[in-house]
Amino acid sequence: MNPVLKHLVLSGRRVVAACVRHHSSLTTELIENMDKKATWDRFYAESSSRTPTFKNFEWFFGFEAVQDFIMPLLQTKSHPDAPLQVLDMGCGTSALGPCIYRHSPLPVQVTCADISPVAVRLMQEHVRAKAIQPHNISSKLKFVELDCTQLHEHYGSRSVDLVVDKGTTDALLRSKEGKGKAGLVLKQCLKVLRSSGALLQFSDEDPDARLLWLETEAQEPGVMADVGVQEVGELRGVCYYCYQVTPRLIVH
Ligand SMILES: C[S@@+](CC[C@H](N)C(=O)[O-])C[C@H]1O[C@@H](n2cnc3c(N)ncnc32)[C@H](O)[C@@H]1O
């Protein structure tokens, strides 16, 4: 076995290994540089060149595994005249954002954002060709190239209802130079989320490590938050978690 993969298996990161098993030439670059745009551009370009027809690439699992965590948070309008603002942060070519758009009974504006223009273009072409219909005719879906450490350039403060993050913070935290970016992304999320909003991180990281990291990063003045965790379940011998981060109401 490739020594990098072996190390990942031994350190309990079997999912990363499984996800990159079919991309052996990319393995080392991907694992050490999952915070870099160039790595992901190459990953998505190589993945798409391998298949003649587009196929969504899902990190960990797809919408079905996590819909019960997501959809209950989209039951109440935060503003009577506006759609709920949903962000899939680091969407890649996952179908998560399109599925939320398709299934939400309330009107949603789903923004799927990724640092990789290759992933964004593939998804734009895919949804155009597929012409996905939303449950609510007022719902909207868009894909944008965006570095999520700069979320404030795209969103006003307190303007987003739900941020979903499937594997993006994990990717940053596991990269050689990504830990600081993961902290920045979390702080940006807390700035753009409404006080009624939430950030969901889907991850295979153990709660002992992730809760400590979240609690430490989210305790600075101006970015206070409450943090919780639920088990998503076990898949291929790996336990997955849903970490929920909610802005804390500060009473003056
Ligand atoms: C582990 S993949 C997960 C992709 C997708 N969420 C899924 O479930 O398949 C991490 C994604 O985060 C994106 N990414 C990494 N750094 C980013 C950043 N600073 N801003 C936005 N996206 C980023 C990568 O391009 C990649 O698509």
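Let me begin with helix 6, residues 96-103, which is mostly covered, since six of its eight residues are buried. By buried I mean that 20 or more other C-beta atoms lie within 10 Å of the residue's own, whereas 12 or fewer makes a residue exposed and anything in between partly exposed, with C-beta atoms placed from the backbone. Helices (H or I, at least four residues) and strands (E, at least two) are DSSP runs, numbered from the N terminus.

Residues are numbered from 1 along each chain as its sequence is written.

Returning to helix 6, the buried residues are Leu96, Gly97, Pro98, Cys99, Ile100 and Tyr101. What covers them includes helix 5 (63-70), helix 7 (117-130), strand 1 (84-89), strand 2, strand 3 (140-145) and strand 4 (160-166).

If we leave aside residues up to four places away in sequence, Cys189 touches Leu151, Val163 and Leu199.

Now for the chain as a whole. Its secondary structure comes to 10 helices and seven strands, and of its 252 residues, 41% count as buried. Of the contacts with a separation of 6 or more, 72% are between residues 24 or more positions apart, a contact being two residues whose C-beta atoms, placed from the backbone, lie within 7 Å.

And which residues come nearest to the ligand? Of the 22 around it, they are Trp40, Trp59, Gly90, Gly92 and Gly167, where near means that the C-beta atom, placed from the backbone, lies within 6 Å. Strand 2 (108-114) and helix 8 (168-173) are the elements that give two or more residues to this shell. By residue type, the shell divides into nine nonpolar, seven polar and six charged.

Some individual residues deserve a comment. Ala45, in helix 4 (residues 37-50), counts as partly exposed because it has 15 C-beta neighbours inside 10 Å. Ala45 and Val118 are 73 residues apart in sequence, and yet 6.6 Å apart in space, C-alpha to C-alpha.

Most residues other than glycine have a negative phi. Phe60, however, has a phi near 65°, and lies in the loop between helix 4 and helix 5; with 22 C-beta neighbours inside 10 Å, Phe60 counts as buried. Ala131 likewise has a positive phi, of about 45°, in the loop between helix 7 and strand 3, but Ala131 counts as exposed, because it has 6 C-beta neighbours inside 10 Å.

Finally, a word on confidence. The chain averages a pLDDT of 89, and 88% of the residues score at least 70, pLDDT being the predictor's confidence in each residue, from 0 to 100. Over residues 1-15 the pLDDT is below 50, although this stretch has 20 contacts in the model beyond near neighbours in sequence. Where pLDDT is low, the predicted coordinates should not be read in detail.

Definitions and conventions. This is a predicted model: local features need pLDDT of at least 70, side-chain atom pairs count only at pLDDT 80 or more; totals for chains, interfaces and linings use all residues. Ala, Val, Leu, Ile, Met, Phe, Trp, Tyr, Cys and Pro count as nonpolar, Asp, Glu, Lys and Arg as charged, and the others, Gly among them, as polar.
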